Amino acid sequence: MRRTVTLSAFALLSACGPNKPEPIAYDADQCTYCRMQISDPRFGAELLTRHGRAVKFDSIECLVAFYKQAVVANDVGSVWVSDFQHPGTLIEATHAAFVDLGAGRAPMGRGWAAVPTADDAIKLGVSDPRAVRHWGDLL
């Protein structure tokens with residue numbers, strides 16, 4: 001009996017909170033915000049709700065727009081963005097560095113790309129460290 005209660009409690013706790021994002025199925029999944037097919041693994045993004053539901057996006061711009069609504073509804077567990085240097089690899093948005101690649105260089109046209117650190121942004125050609133943004137700057 002005690003073992004059953006312990007296992008049940010563990011299963012319940014692990015199901016409650018969002019941990020890691022689901023893999024994005026590129027060329028199959030659809031952006032929740034703009035309904036475009038998610039096809040470029042350099043720019044995909046994902047929001048996990050407080051209940052662990054994965055909400056997928058084709059760009060950082062779509063993620064930011066959806067996030068602003070979800071945070072008002074208190075339904076954000078965690079936020080993930082594709083690592084531009086390692087396409088298809090998701091990193092936590094709150095720890096990422098964001099670079100403006102310029103208009104027309106991302107799926108929705110704004111040009112935001114994410115990398116793990118500010119040093120990685122410099123490797124992309126950002127000459128001024130002040131041009132590197134963080135998650136809070138995009139909101």
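Tutor: Let's start with pLDDT, the predictor's confidence in each residue, on a scale from 0 to 100. You need it here, as the model above is predicted.

Student: What is the mean pLDDT of the protein?

Tutor: The mean is 84, and 81% of the residues reach 70 or more.

Student: Which elements have the lowest and the highest mean pLDDT?

Tutor: Helix α1, residues 2-16, has the lowest mean, at 45, while strand β1 has the highest, at 98. Over residues 4-14 the pLDDT is below 50. Beyond near neighbours in sequence, that stretch has one contact in the model.

Student: Thanks! Now the sheet. In what order do its strands lie?

Tutor: To read a sheet, follow the pairing from strand to strand. Here the order is β2-β1-β3-β4, in an open sheet of four strands with antiparallel pairing. The edge strands are β2 and β4 (90-92), each of which pairs on one side only. From one strand to the next, the twist averages 25°.

Student: How many bridges join the strands β1 and β3?

Tutor: Four bridges hold that antiparallel pair. On the next step, β3 and β4 run antiparallel and are joined by three bridges. There, serine 82 faces leucine 90 in β4.

Student: What do β1 and β2 form together?

Tutor: A hairpin, with five residues between the two strands. In its turn, glycine 52 has a positive phi of about 90°. The strands themselves, β1 at residues 45-48 and β2, pair in the antiparallel sense over four bridges. Glutamate 46 stands opposite lysine 56 in β2. Remember that lysine, as we will come back to it.

Student: Which way do the residues of β2 point?

Tutor: For a strand, look at which side each residue takes. In β2, residues 54-57, Ala54 and Lys56 point one way and Val55 and Phe57 the other way. All of these are buried.

Student: And β3: how many of its residues are buried?

Tutor: Five of the five, so β3 is largely enclosed by the rest of the structure. Ser78, Trp80 and Ser82 point one way from the strand, while Val79 and Val81 point the other way.

Student: Let's move to a helix. How far does α2 reach from its first C-alpha to its last?

Tutor: Helix α2, residues 60-72, has 13 residues and reaches 18 Å, close to the 18 Å expected at 1.5 Å a residue. After the helix comes asparagine 74, with a positive phi near 55°.

Student: Which residues of α2 are buried?

Tutor: They are Ile60, Glu61, Cys62, Leu63, Val64, Phe66, Tyr67 and Ala70. To see what they pack against, look for their partners: β1, β2, β3 (78-82), β5 (97-100), β6 (112-115) and α4 (135-138).

Student: My last topic is salt bridges. How many salt bridges does the count come to?

Tutor: A salt bridge needs a side-chain nitrogen of Lys or Arg within 4 Å of a carboxyl oxygen of Asp or Glu. By this rule the count comes to four. Now back to our lysine: lysine 56 meets glutamate 22 at 3.3 Å, N to O. This pair links distant parts of the chain, 34 residues apart, with lysine 56 in strand β2 and glutamate 22 in the loop between α1 and β1.

Student: Why does lysine 56 count as buried?

Tutor: Because its relative accessibility is 11%, and buried means under 20%. Glutamate 22, at 40%, counts as partly exposed.

Student: Which other residue meets lysine 56 in a salt bridge?

Tutor: Aspartate 29, at 3.0 Å, N to O. Aspartate 29 lies in the loop between α1 and β1 and lysine 56 in strand β2, so the pair ties together parts that are 27 residues apart in sequence. Aspartate 29 counts as buried because its relative accessibility is 19%.

Student: What about aspartate 120: which residue is its salt-bridge partner?

Tutor: Lysine 123, with the closest N and O atoms 3.6 Å apart. Both residues lie in helix α3, residues 118-123, three residues apart, which is about one turn of the helix. Aspartate 120 counts as buried at 12% relative accessibility, whereas lysine 123 is exposed at 63%.

Terms used: Residues are numbered from 1 along each chain as its sequence is written. This is a predicted model: local features need pLDDT of at least 70, side-chain atom pairs count only at pLDDT 80 or more; totals for chains, interfaces and linings use all residues. Side-chain values use heavy atoms; hydrogens and water are left out. Buried means under 20% relative accessible area, exposed over 50%, partly exposed in between (1.4 Å probe, protein chains only). Two strands pair if DSSP finds at least two bridges between them. The expected span of a helix is 1.5 Å times one less than its number of residues. Contact means heavy atoms within 4.5 Å. Axes are lines fitted to C-alpha atoms, for helices over the stretch in contact, and angles run from 0 to 180 degrees between N-to-C directions.
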